[in-house]
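Colleague: Could you take me through this model and tell me what stands behind each label you use?

Modeller: Gladly; here is the structure.

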Amino acid sequence: MRNRKGFTLIELLVVILIIGILLALIIPNFVLFQERARRSSVKNNMHIVQTTVEAYAVDHYGIFPMSDAAPFTIDEEGGLAPYFPGGDPYGISGEIIFGKFPTNPYNAMQYNVDNEDLLYGDDGIYTTDVPGEVSSKREDDEPSTPYVDLEAASAMPGEIDVCTFIDPNSEYVTEYGIVGYGRDITNPMYDKDPVDPDIRIYFVLSN
């Protein structure tokens, strides 16, 4: 009979052990890269929302939408919906064409009111009557940014909230701040200050 060559049990166990070690090293990095990609996608969606809000203001004499003209409100002007990419607030023969909402990278679904992952004004996390506060981007001793320790309104990864300032004289929205959430829903997305790691620099889009 011929001798049959093959792997011994110990050799197989060594190979399995090596594969396990490699997986233990690769998987955490993969998860980290995946989270970074999702955070970048949320930031891109925030830019889309900002462009939409600004486009609305162009057609409304520089006034930003109130909460009753939030993204999913359908009124005689269609709220913000026709200002998203592909939409047309004037439409064909006066019929409004609604635009396409961006996709939440954490659940692969379009932002919508049912999920409550795109909130505007009073529905969002922060409405202020202090001028300039919604534009605050970093935590200092005085004043403190309004986004410190604020949890997402619906506690959902990928959520985008638009915070507003309503001028008490005109009663119009004259300032806004847009914040987004990553996997950590206890704080909007932020980075550590490279000089002072104790300071958080928030990624906030504002006018």
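Colleague: Why is Gly-99 called buried?

Modeller: Buried means under 20% relative accessible area, exposed means over 50%, and partly exposed is in between, with a 1.4 Å probe and protein chains only. Gly-99 has a relative accessible area of 13%, so Gly-99 counts as buried. As for the origin of such values, this is a predicted model, in which local features need pLDDT of at least 70 and side-chain atom pairs count only at pLDDT 80 or more, while totals for chains, interfaces and linings use all residues. Residues are numbered from 1 along each chain as its sequence is written, and side-chain values use heavy atoms, leaving out hydrogens and water.

Colleague: Where is Gly-99, and which residues is it in contact with, leaving aside neighbours within four places in sequence?

Modeller: Gly-99 is in the loop between β2 (95-97) and β3 (103-104); strands are DSSP runs of E with at least two residues, helices are runs of H or I with at least four, and both are numbered from the N terminus. Contact means heavy atoms within 4.5 Å, and Gly-99 has such contacts with Ala-81, Pro-82, Phe-84, Pro-85, Gly-86 and Gly-87. The C-alpha atoms of Gly-99 and Tyr-83 are separated by 6.2 Å, with the two residues 16 apart along the chain.

Colleague: What makes Leu-22 partly exposed?

Modeller: Its relative accessible area is 45%, which falls between the 20% and 50% limits, so Leu-22 is partly exposed. Leu-22 lies in helix α1 (residues 9-59). The chain holds 1 helix and 11 strands.

Colleague: Which residues form the nonpolar patch on the surface?

Modeller: The patch is formed by Ile-10, Val-14, Leu-17, Ile-18, Ile-21, Leu-22, Leu-25 and Ile-26, with about 790 Å² of accessible area together. Areas come from the Shrake-Rupley method with a 1.4 Å probe; for residues, only the protein chains shown count as cover. Patch members need over 30% relative accessible area and no salt bridge; nonpolar side chains (Val, Leu, Ile, Met, Phe, Trp, Tyr) are joined within 5 Å, like charges within 9 Å. A salt bridge is a side-chain nitrogen of Lys or Arg within 4 Å of a carboxyl oxygen of Asp or Glu.

Colleague: How many aromatic pairs does the structure hold?

Modeller: There are 5. One of them is Phe-64 with Tyr-176, at 5.0 Å centre to centre and 75 degrees between the planes. Rings of Phe, Tyr and Trp (its six-membered ring) pair if their centres lie within 6.5 Å; planes under 30 degrees apart are stacked, over 60 edge-to-face, and the rest tilted. So Phe-64 and Tyr-176 are an edge-to-face pair. Phe-64 is in the loop between α1 and β1 (88-92) and Tyr-176 is in strand β8 (residues 173-180), 112 residues apart. Both Phe-64 and Tyr-176 are buried.

Colleague: What is the phi of Ala-108?

Modeller: The phi of Ala-108 is near 60 degrees, a positive value in a residue other than glycine. Most residues other than glycine have a negative phi. Ala-108 is in the loop between β3 and β4 (109-110).

Colleague: And why does Ala-108 count as exposed?

Modeller: Its relative accessibility is 65%, over the 50% limit, so Ala-108 is exposed. Glu-171 also has a positive phi, of about 60 degrees, and is found in the loop between β7 (160-166) and β8. With a relative accessible area of 55%, Glu-171 is therefore exposed as well.
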